[in-house]
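Please study the sequence and the structure before reading the solutions.

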Amino acid sequence: MTSLALVAFMATISIASQDSRTYIVHMDKSKMKTSYPSAANSKEMFEEMLDSISQLSTESEAIPPPRLLYAYDTAIFGFAAMLSPMHLESIRNMDAFLAAIPERSMRRHTTHSYQFLGLEQGRGLWDASNLESDVIIGVIDDGIWPEHPSFQDHGFGPVPARWKGTCESGTNFSSLNCNRKLIGAKYFFKGYEAAHGKVNEATNFKSPRAITSHGTHCASTAGGNLVQNASFYGLARGVAAGMRYTSRIAVYKVCWEGPADCAYSDILAAIDQAINDGVDVVSISLGPTEGGAVPYFDDLTALAAFTGIKRGIFFSCSAGNAGPRVHTVSNTAPWLMTVAASYMDRSFPAIVKLGNGQIFEGISLYSGKSLKELPIVYGPTAGEKSAQNCSPGSLNPELVKGKVVVCELGGGLNDYQITEQVKSEGGAGTIILYSEGADLFAYPFTSPAASVGDKARKAILSYLKSTKSPIASLTFKGTAYGKRAPMMAAFSSRGPNLADPDLLKPDLTAPGVNILAAWSAINSPSKEESDKRRVLFNFESGTSMSCPHVSGLAALLISRHKEWSPAAVKSAMMTTAYNLDKRGSPIKDVSHGGPATPFAIGSGHVDIQKASDPGLLYDIHPYEYLHYLCSLKYNSSQIAKFDYNFTCPKRTTMQPGDLNYPSFAMRFKSDAHNVTITYKRTVTNVGNPPVATYKVQVQEPKGISVRVKPSTLSFKMHDQKLRYKVSFTAIRQIIESDSSSFGSLTWVSGKYTVRSPIAVTWI
């Protein structure tokens, strides 16, 4: 090894600048063990390796010797060290070298999402006084990995006296796994076992301990601790933090072996337990496998949550991942916060350069060396006809060895699985082609690979037809910021709401694409058994990720405004949400490239700083929800599921759209003319100064005339309530059936802008 290092060192002696800087270097563990068999541990390996390089550099007194900072052996295998360019080049030429990421000096990131949401240490909702009070977040999911640093209790005081929950023992989990941060943990399996038989304890922990990392990821996003220097192999490096990172956490495990194996009966039992335990917020990133809402009286999540709402508990739920198809949004009861998913401004660029000079930006979590120009193969030039998808057995090793293989997404494999097929057949790299309107996800590749969008797909396929000797290179740029954002994810489920088309859902959107958060030590980053890597933090995408963002943000508002009801918290977030991206353009919908509509984005993207001071609130008392259910023509037995003691009035003038909701939705026949629908609303003044006058501003949907009475609201005191009516009239225009039109109604006073979206469906 020493002679090889000497050759590498002498080859780089011409490097001009030898200023040292910190690098995080990833090494191949097996090759390191072979090269340094006498080392007792990884730290000794790296010290011995750096010593050999240091001895070679003694010839130049101007070059300081390399200095080991950290040895990594669990989350990654590698080290951090101060290295000169000459030392780094020497390491790059070693067989065990995988990648080197230069250290960066940046502002604190969650790993970014909290900064994207405007949260800053010591200020606003993250000031010390707002973080001191105890708020308990209950996470209903597939369990937790309690040893993760996101759930340690350093600096936490005693468990709140009002807490009634317990820590339930089970397989590989005892009461000692709970602490002053993770204050409760229970598991529910009877419904699952009734449907599928006994829990297989060879593949599941029959306890609150997670076998996958979904619940761990969600819990840390909502309320995980501040964890310094979090990253994924150096990517997205920053401070990991839950949205309300001083929250106490209680977990309720309801999901078992498969992704759809979460029995509703178990979920119901978990919500019931959470309510009795004394949680303040419940986060539920679960929903129907096919998407779409069911009547509220048949929705056990809605039924159970209604009891919690009456006790002042806030419920945040994922909208679903069945988009961009319409009518797929789930968890749509009006007392639930239904959260869609969108992109942040962070990206992981992978640059694809074709032989004809065309350059395209894709995405990749590969952190190894870039790939110089190599021949490209695709379809018949890579193997069988079906090789266009790089499906198992379709690639010919003789054709793909040492080349870049182009694969179209499809054939039942995800991006990571495709690259593993290519790697197993000897391919040097992979370019994965996505079709139009699809989301680009960041995958943890173990070989050079990039996923590219439809524009690149068309250009690459055209290039392949234009030449007999196509070539391409791949360059990996690490972590970048400043991408257009937010943008609506194509996968995020869409309205209209099947359970009630006159109630707009989803409610709002939050970060849900390529989110870095806590990961279980039992799972690989790719979730594949063949992947032996283990990490502390990993990326996930879905409304499952956006939901806990809002759960934690709600906890922040609850600690700031303890007098607010769950409906008031919802209203504050919805009416202050924004609809223009960071560049000042309408938020884009990835599925079609145009502006996102309220059926995708709801009221807009959450803006938690503005939500803490919304000006006006649309509050709803629990009994108002019961009258709303009556307006849906639910019968007495259906109403009794929500409240045994309530009977609908024999005569009611309330219509579903009269619920005091912070948004508006309605249906008109496509040939309607001079047909009017009038809704009623009540707003509560919570702004400062308390004496204020609000004037209405309306953006009318196509085909609709909107009239608001009164058009001015004058408040004389704090907490004063004022009513208004808004009439929507269909005017003579040619409107296609099954189409929609959108607008907004906004109350404006000084610094306050209280906006409600309007969604019209033409039937």
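**Exercise 1: A left-handed link**

The link of Cys-390 and Cys-407 is left-handed, with -85° about the S-S bond. This is a predicted model, in which local features need pLDDT of at least 70 and side-chain atom pairs count only at pLDDT 80 or more, while totals for chains, interfaces and linings use all residues. Residues are numbered from 1 along each chain as its sequence is written, and side-chain values use heavy atoms, with hydrogens and water left out.

Task: State which parts of the chain Cys-390 and Cys-407 tie together.

Solution. Step 1: Cys-390 lies in the loop between β16 (371–378) and α11 (397–400), and Cys-407 in strand β17 (residues 404–408), so the pair ties together parts that are 17 residues apart in sequence. Helices (H or I, at least four residues) and strands (E, at least two) are DSSP runs, numbered from the N terminus.

Step 1: The S to S distance is 1.9 Å, and a disulfide joins Cys-390 to Cys-407; the term denotes a pair of cysteine sulfur atoms within 2.5 Å.

Step 2: Cys-390 has a relative accessible area of 0% and is buried. Buried means under 20% relative accessible area, exposed over 50%, and partly exposed in between (1.4 Å probe, protein chains only).
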